[in-house]
Amino acid sequence: MRPLFIGFQRDEDGAALTEMVMTLPIWILMLGGIISLGRLGMNTTSNQLDVQTGLWDGVFEVSATDDSPGSGDSSSDPQWVHFTPISGGAAAAYESGTLAGMSQNPNQIIDGVNSATMGAMAVTGTLGESYGRTLPLQVVPGHTMPDVTTDPDDVLQVGSPYPKKVTYDGVLNSSTDYNTGGGWLSTVTNAIGNVVASAGMVGSLGAGIRYGEVYTESNYDTDVMFNVTIPASAHANILVAPKPMTGNDAKWRPFLMNRLLAGGEENYSKMMRFGGDPSWDAEGSPDTGDFDADELDADTINDKADEIKEQNAEGGG
């Protein structure tokens, strides 16, 4: 029987070489894949680092330039120079919206939310942008921040639109009434003041702050096997915080801006003799809004005091 079983034995000479030849392409593909993934990961990390570095450098570059647009080396860069929070927020919203519309962008939802946030800041101006920065703090448990409103109608119950112009520079609730009681010069200054207020430039011109939007992007193309190129990109954008002015600008510019806005209002222009009208006359009288001096008696005062006490007791004032 032994010779019969010996016939069934295989000749295994060269088997290891055969197995190596069969598996070598698989090992080569695995090695190439590992190298390609490593290069892709390295380029992705480089993108993120380049974007973070560019954003950091851009913020410092914007903050180091002069207050007015068009001055300094950085101010010639159209990517970030926006004089007001309205134009800055609108540009940031446009950049994020463009990125959110790219089908190959893995961060479409995040960019869409960022676009809406920047757009809301642009609409509400400086006051709304500052209010928006406080919202994350209000969700912290145990916070003691008071409720803040961005609507000047809720805090400025006066007849003249002048306080609104000074305190609010968004595109909403800006006064467009032309008061002619202060003379022709008052009419001209009021028109200019309305344009400044509605364009969101009160804070930028009056307080000397200049907003900026810094946008950075980095792209690396990674060559992998089979002559295939995989693109990798990263991007970031941010609104730069306002920069306060110093020196003579801080001394005179707020005064000149307030003079411009006040000169267009009938009451203020008369008090300051702006436009050559030295006093009130029969055709013009102070605008006291809803206030009526004839109704100011003891009963009215007592009723108002009781009303305020009730509001305070209920936590409403």
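This is a predicted model: local features need pLDDT of at least 70, side-chain atom pairs count only at pLDDT 80 or more; totals for chains, interfaces and linings use all residues.
Figure 1. Glutamate 95 is partly exposed, with a relative accessible area of 23%. This value falls between the cut-offs of under 20% for buried and over 50% for exposed. The residue belongs to helix H3. Once residues up to four places away in sequence are set aside, glutamate 95 touches Glu213 and Tyr215. Tyrosine 215 lies 120 residues from glutamate 95 along the chain, yet their C-alpha atoms are separated by 8.2 Å.

**Figure 2. Packing of helix H3 against helix H4.** Helix H3 covers residues 85–100 and helix H4 covers residues 108–138. The two axes come within 7 Å and cross at roughly 165 degrees. That angle makes H3 roughly antiparallel to H4, because angles over 145 degrees are assigned to that class. The crossing of H3 and H4 is left-handed. On the H3 side, the contact is formed by Pro85, Ile86, Gly89, Ala90, Ala92, Ala93, Ser96, Gly97, Leu99 and Ala100. On the H4 side, the partners are Gln108, Asp111, Gly112, Asn114, Ser115, Met118, Gly119, Ala122, Gly125 and Thr126. Sorted by class, the contact of H3 with H4 has nine nonpolar, 10 polar and one charged residues.

**Figure 3. Asparagine 47 and its contacts.** Asparagine 47 sits in helix H2, which runs over residues 15–63. With a relative accessible area of 1%, asparagine 47 is buried, because the cut-off for that class is under 20%. Which residues is asparagine 47 in contact with, leaving aside its neighbours within four places in sequence? They are Ser218, Asn219, Tyr220, Ala232, Ser233 and Ala234.

**Figure 4. Crossing of helix H6 and helix H8.** Helix H6 spans residues 184–198, and helix H8 spans residues 248–263. Their axes come within 7 Å and cross at roughly 115 degrees. The crossing of H6 and H8 is left-handed. Helix H6 contributes Ser186, Thr189, Ile192, Gly193 and Val196 to the contact. Helix H8 contributes Met257, Leu260, Leu261 and Gly263. By class, the contact of H6 with H8 has five nonpolar, four polar and no charged residues.

**Figure 5. Glycine 193 in helix H6.** Is glycine 193 of this view buried or exposed? Glycine 193 counts as buried, at 0% relative accessibility. Leaving aside neighbours within four places in sequence, glycine 193 is in contact with Lys165 and Leu261. Leu261 is also among the H8 residues that take part in the contact with H6. Valine 166 is 27 residues from glycine 193 in sequence, and the C-alpha atoms of valine 166 and glycine 193 are 9.7 Å apart in space.

**Figure 6. Setting of the close-ups within the protein chain.** The protein chain has 10 helices and two strands. Along the sequence these elements follow the pattern α-α-α-α-α-α-α-β-β-α-α-α. Of the 317 residues in the protein chain, 30% are buried. Among contacts with a separation of 6 or more, 65% are between residues 24 or more positions apart. The accessible surface of the protein chain comes to about 20,000 Å². Carbon and sulfur atoms account for 60% of this surface.

Conventions. Residues are numbered from 1 along each chain as its sequence is written. Side-chain values use heavy atoms; hydrogens and water are left out. Axes are lines fitted to C-alpha atoms, for helices over the stretch in contact, and angles run from 0 to 180 degrees between N-to-C directions. Helices (H or I, at least four residues) and strands (E, at least two) are DSSP runs, numbered from the N terminus. Angles under 35 degrees count as roughly parallel, over 145 as roughly antiparallel, 65 to 115 as roughly perpendicular and the rest as oblique. A crossing is left-handed if the near helix is turned anticlockwise from the far one by less than a right angle, and right-handed if clockwise. Contact means heavy atoms within 4.5 Å. Ala, Val, Leu, Ile, Met, Phe, Trp, Tyr, Cys and Pro count as nonpolar, Asp, Glu, Lys and Arg as charged, and the others, Gly among them, as polar. Buried means under 20% relative accessible area, exposed over 50%, partly exposed in between (1.4 Å probe, protein chains only). Accessible areas come from the Shrake-Rupley method with a 1.4 Å probe; for residues, only the protein chains shown count as cover.
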